[in-house]
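Here are my notes on the model, as numbered points. Please read them with the coordinates open.

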Amino acid sequence: MNIQRAAESRINTIDFQNIGFGQHISDHTFDVVFSNDSWGEGRIKPYGAMHHGLGLHALHYGQAVFEGMKAYRQDDGHVAVFRPDANWARLSRSGSRLLIPEISKEIFMEGLLELLRVDEAWVPTGEDMSLYIRPFLFGSSEFITARPSEEYTFAILTGPVGAYYAQPVKVKIEDHYTRAASGGVGYTKAAGNYGGAFYATAQAQKEGFNQVLWTDHVEHAYLEEAGTMNVAFVLDGVLVTPALTDRILAGITRDSILTLARSWGMPVEERKVSVHELQEHASKGTLQEAFGMGTAAVVSPIDGIGYQGKMMDVPAPQDGVAQRVKKTLADIRHGRAEDVHGWMVRI
Ligand code: COI
């Protein structure tokens, strides 16, 4: 692999105490180009401008998919990444739906681990802190005929992050706009799924909500995702989450949380969850918790769910399921608890 190091690190310009989310990008990036039917040699170079004209295919036709993952500074000082193989597999599924050639697991892992070694100093220390990793794949030919790109670029950039939400969030059950339709690309991490959600999210934010709780595209009767996260509820002692369909992203945090809950003997149900069922539980007092599950926010307690002008209050207990899974995941990630599932990969 070709490695070109930055003449000077930017790390001293970062205030690690006020890091926020997604504001800072580390010194180096990894990239590799697919052309003439094969992937070339990967390279690591200082973060900087891409050399593409405005005919860049991904900008016009949206053949662009991405991943989100995190590396942690463990208590003994080592750096470990959480479930990178699962992110690689999902990137392949997303790319395949958008007719983007697969990046091999070898190129993905080699590029990732080498980049993390080069920028190891950027992995922060602290309970809610991590290095966010953004692998992405996009059509990088330059032409504007509406057909698939011929060249593709796979790249990885990283940046230190803190907590995504400092407080529990309020979500609005969306009964007009749609995030995904059956047969579409909702289950992928296509860039357009996120861009397509900004408008409805901005409308909900004007009404005082943090995020949209998306519903199905036909009846707007069944719950699907919360903002950019999967969603779960504790209903009368049962952890319930919408079953995966081709409209729902198969979250790696979601899968990890369900695995933990099952290992604790907690009843877990993956099935349809209707707005009506949620209302019934709210009125009976058995809507015990609601939370989002995602890479960025990890576990994000929801303390209010708005629907057609009314608010369902939801408890966000400190000793509930959300906090228990959050703590257990943090312990595994920081190397304080045994990694029985083999989730952590040291760099
Ligand atoms: C995630 O948390 O899984 C995300 O995809 C968030 C990202 C869009 C910032």
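This is a predicted model: local features need pLDDT of at least 70, side-chain atom pairs count only at pLDDT 80 or more; totals for chains, interfaces and linings use all residues.

1. Start with the largest cavity. Strand 6 and helix 6 (252–263) each supply at least two residues of its lining. Strand 6 gives the largest share, three residues.

2. The lining of the largest cavity is made up of G68, M69, K70, Y72, F82, N87, I252, T253, T295 and R333. By class, four of these are nonpolar, four polar and two charged. The space inside comes to about 80 Å³.

3. How many cavities of 30 Å³ or more does a search of the whole structure find? The search finds two. Strand 16 (287–294), strand 17 (298–307) and helix 8 (321–333) each provide at least two of the residues lining the second largest cavity. By class, that lining splits into seven nonpolar, one polar and one charged residue.

4. Now the domains themselves. The chain is divided into domain 1 (2–161) and domain 2 (169–332). Their C-alpha centres are 27 Å apart. In the contact between them, 21 residues of domain 1 meet 22 residues of domain 2.

5. The largest pocket holds about 670 Å³ of space. Its lining counts 32 residues, and F66, Y164, K189, Y194 and T228 lie nearest its centre. By class, the lining of the largest pocket has 15 nonpolar, twelve polar and five charged residues. Both domain 1 (2–161) and domain 2 (169–332) give residues to this lining, so the largest pocket lies between them.

6. Which element gives the largest share of the lining of the largest pocket? Helix 4 does, with four residues. Elements that each supply at least two residues of this lining include helix 4 (191–195), helix 5 (198–206), strand 11 (211–215) and strand 13 (229–235). Strand 8, helix 6 and strand 16 also each supply at least two.

7. The second largest pocket has a volume of about 490 Å³. Of the 28 residues lining it, D128, A163, A297, V299 and K326 are the closest to its centre. Helix 8 supplies the largest share of this lining, six residues. Strand 6, strand 17 and helix 8 each supply at least two. By class, the lining of the second largest pocket has 15 nonpolar, seven polar and six charged residues. It draws at least three residues from each of domain 1 (2–161) and domain 2 (169–332).

8. Turn to the packing. The largest nonpolar core has 35 residues, and W39, V81, F108, L112, I133 and F154 touch the most other members. Strand 2 (28–35), strand 6 (69–73), strand 7 (79–82), helix 2 (84–97), helix 3 (105–118), strand 8 (130–139) and strand 9 (152–161) each put at least two residues into this core. Helix 3 gives the largest share, seven residues. Apart from this core lies another, of 25 residues, with F82, L239, A322 and L329 among them.

9. Which residues does W39 contact, once its neighbours within four places in sequence are set aside? W39 is in contact with V32, V33, F34, P101, E102, I103, I107, L137, Y152, T153 and F154.

10. Finally, check two backbone angles. Most residues other than glycine have a negative phi. N36 is not a glycine, yet has a positive phi of about 45°. D37, also a residue other than glycine, has a positive phi near 70°. N36 lies in the loop between strand 2 and strand 3 (38–39), and D37 is placed in the loop between strand 2 and strand 3.

11. Are N36 and D37 buried or exposed? Exposed means over 50% relative accessible area. N36 is at 74% relative accessibility, so N36 counts as exposed. D37 is at 69%, so D37 counts as exposed too.

Definitions and conventions. Residues are numbered from 1 along each chain as its sequence is written. Side-chain values use heavy atoms; hydrogens and water are left out. A nonpolar core is a set of buried Ala, Val, Leu, Ile, Met, Phe, Trp, Tyr and Cys residues joined through side-chain atoms within 4.5 Å. Buried means under 20% relative accessible area, exposed over 50%, partly exposed in between (1.4 Å probe, protein chains only). Contact means heavy atoms within 4.5 Å. On a 1 Å grid over the protein atoms alone, a cavity is a set of points where a 1.4 Å probe fits but cannot get out, and a pocket is an open set with protein on both sides within 12 Å along at least five of seven lines; lining residues have an atom within 4 Å of a point. Grid points are joined across faces, edges and corners, and a volume is the space filled by probe spheres set on the points. Ala, Val, Leu, Ile, Met, Phe, Trp, Tyr, Cys and Pro count as nonpolar, Asp, Glu, Lys and Arg as charged, and the others, Gly among them, as polar. Domain bounds come from an automatic or database domain assignment.
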